[in-house]
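Thank you all for coming. Please look at the model on the screen while I talk you through one residue and its surroundings.

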Amino acid sequence: METSAGVISRTGNSRALLAELAISQVGGEPVRSGVRKVLLIHMNANELEFSTTLRFPVNDRYRLSFQMKLGEKSIILEGIVASRVKQGNLYLYELRIAGSSISRTDWIRELNEWLLRHQPALPEHKVHYLYRN
């Protein structure tokens with residue numbers, strides 16, 4: 001699943017991460033759905049943006065799950081669609097992260113480690129700069 005991964009920023013990083021998307025809950029009830037690969041556009045500790053041809057409602061009754069691989073770790077994130085914008089034949093979504101298969105501290109650590117691996121020219125003490133931009 002990983003073409004690249006991590007703190008995906010809008011700063012022109014040409015690397016992209018594919019994740020497997022599924023619907024995990026509707027109206028608070030667990031559901032089983034098919035899985036679709038989606039492209040993650042931006043990701044940080046609290047939210048992620050992704051694009052797909054699928055059209056999801058912007059409604060807190062629906063919860064989506066994303067399975068991705070950051071380095072050697074497989075991570076599952078769950079969240080609620082906060083916004084949707086149509087761009088050509090794709091939809092761009094913003095998802096508020098509401099749960100994870102790892103702790104928030106580990107999630108942030110994994111994002112930082114990926115960023116340092118995939119942007120080696122970035123000094124280690126400058127990782128916080130990408131979160132702000």
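This is a predicted model: local features need pLDDT of at least 70, side-chain atom pairs count only at pLDDT 80 or more; totals for chains, interfaces and linings use all residues.

Is phenylalanine 50 buried or exposed? Phenylalanine 50 counts as buried because its relative accessibility is 0%, where buried means under 20% relative accessible area, exposed over 50% and partly exposed in between, with a 1.4 Å probe and protein chains only.

Residues are numbered from 1 along each chain as its sequence is written, and side-chain values use heavy atoms, with hydrogens and water left out.

Phenylalanine 50 lies in strand 4, residues 47-52; strands (E, at least two residues) and helices (H or I, at least four) are DSSP runs, numbered from the N terminus. Leaving aside residues up to four places away in sequence, phenylalanine 50 touches, among others, Leu21, Leu40, Phe66 and Tyr93, a contact being heavy atoms within 4.5 Å.

Phe50 is also among the residues with the most contacts inside the largest nonpolar core, which has 24 residues; such a core is a set of buried Ala, Val, Leu, Ile, Met, Phe, Trp, Tyr and Cys residues joined through side-chain atoms within 4.5 Å. Contributors of at least two residues each to this core include strand 4, strand 5 (62-70) and helix 1 (104-118).

Finally, strand 4 runs antiparallel to strand 3, joined by four bridges, and two strands pair if DSSP finds at least two bridges between them. A hairpin of three residues connects strand 3 to strand 4, and methionine 43 has leucine 48 in strand 4 as its bridge partner.
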